[in-house]
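Here's a quick tour for someone meeting this structure for the first time. Have a look at the sequence and the fold, then read on.

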Amino acid sequence: MSGLVRLSGGANMESWSFDWLSGGEVSGYVLRRAPSAAYMADRPFGHGDEAALVMAAHDAGVKAPEVVGVLEPGDGMGTGYVMRRVAGEVSPAKILADPPPSLLGDLGRELARIHGVPPERVPGAIPLMDTREALAGLRSRFLSYGGDRPVIALAIRWCEDHLPVAADPVLVHGDYRMGNVMVDADGLAAVLDWELAHRGDAHEDLAFGCMSVWRFGRLDKPAFGVGSLEDYFAAYEGAGGVRVDRDRFRFWLVYRTLWWALGCLQMGEAWRSGADRTVERVVIGRRTAEQELDLVRLLEEEAPEAERDRALPPGGEPAPVPTGEPANAEMVAAVQGWIEASIKPQTQGHAKFEAVVAMNALGIVLRDLEAGVRAEDAGLAAALLSGERTLAEPGLLARLRRAVLAKCAVDSPKYAPLVEARAAWRG
């Protein structure tokens, strides 16, 4: 074995690339493994079942990696499996800068193939998602995290009021988006990261890659940041996918945005509990603000026209310019600058990635110290969750808009929807 390198991608699992010499020929492989046994403890299925699922998808014609082996307890390497390495680009920024002409059609076709994997080939451990139960789980998680974020409460209540009837279940990838696909000059080369797979509503997969966060700034192209919804749906249906229901698609767009908002909060809980003490966890935990901004944009059409046209309330006052001894914000800025100038240039691979994440964390702290913005409001959240207060209330939408603009400006100032929201809301 040679050329062992940890890949920088992968928010949860570790991925290691390596070469293997056999019979005088060198082949490339990728090991996908859990960072710890504790990480796998609460997952509905293990790596053996995940590998079997990827093999079933590959056999069904999906551009899934070819699995060549599964780790055994005696290997002493934890849990995971080995795949043949696929050549291609995975970075959304690089892909979306110049996507192959066929890419949107490829994405629709591959998703139809995933949904068409024969049920008997899906391992029995792959769970069936009951949407009502899953939504109740989101509510429970929200309350366990404090239940004090009004926009999340608003979204939960909306989903409960718009729950669609159950659909015929198909294999759902669960994480089908830019960042989890590989692309080469000819189009889509591989579908990666099957750890969230389950059986459920096809529209969940259809909507997930169309969330604002997964378009990576290409907001004018609502399907993956690549093209139009109409072309995406046509490619999916043309390849044998289910007929797309726009109302059901909208439900899942809101649901998965809500799901990811809570997923970000969960990252903070993982760090706080000691389950994962990497700085990446706390930084992702602050990306909740992005999803709250997107949820307000998705749900604001529920408000009366007069409320949608209402001006925003005044914003907060700027922080005073510090004098005398260095303020906390200035000390944070000094450490951030030191990492930028002295640490980052000396690192590479995953270590460089971690340095960038650390700089991002300090940037959030710096802006937070200056702005003093809080997102929590337990009373308002409870009233929205119960339905006691709604977006029909005079001034409430404007208040939520101002709040999410301020919080996102602290936590994710470069988030593309923030610019659009400011212009649309005159904020």
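## Strands, then cores

In strand β5, methionine 83 has valine 67 standing opposite. Strands here are DSSP runs of E with at least two residues, and helices are runs of H or I with at least four, numbered from the N terminus. This is a predicted model, so local features need pLDDT of at least 70 and side-chain atom pairs count only at pLDDT 80 or more, while totals for chains, interfaces and linings use all residues. Residues are numbered from 1 along each chain as its sequence is written, and side-chain values use heavy atoms, with hydrogens and water left out.

| Partner of β5 | Bridges | Sense |
|---|---|---|
| β3 (residues 25–33) | five | antiparallel |
| β4 (residues 67–70) | three | antiparallel |

On the β3 pairing, arginine 32 sits opposite tyrosine 81.

Now for the nonpolar cores: sets of buried Ala, Val, Leu, Ile, Met, Phe, Trp, Tyr and Cys residues joined through side-chain atoms within 4.5 Å. The largest has 98 residues, and Tyr176, Trp194, Tyr232, Leu258 and Leu293 have the most contacts inside it. Helix α9 (residues 246–273) gives the largest share of this core, 13 residues. Another core, of seven residues, lies apart from it and includes Ile339 and Met359.

Glutamate 290 belongs to helix α11 (residues 288–299) and counts as buried because its relative accessibility is 6%. Leaving out residues up to four places away in sequence, glutamate 290 touches Val213, Cys408, Ser412 and Tyr415 (heavy atoms within 4.5 Å).

How values were computed: Buried < 20%, exposed > 50% of the residue type's maximum accessible area, 1.4 Å probe, protein only. Pairing = 2+ DSSP bridges.
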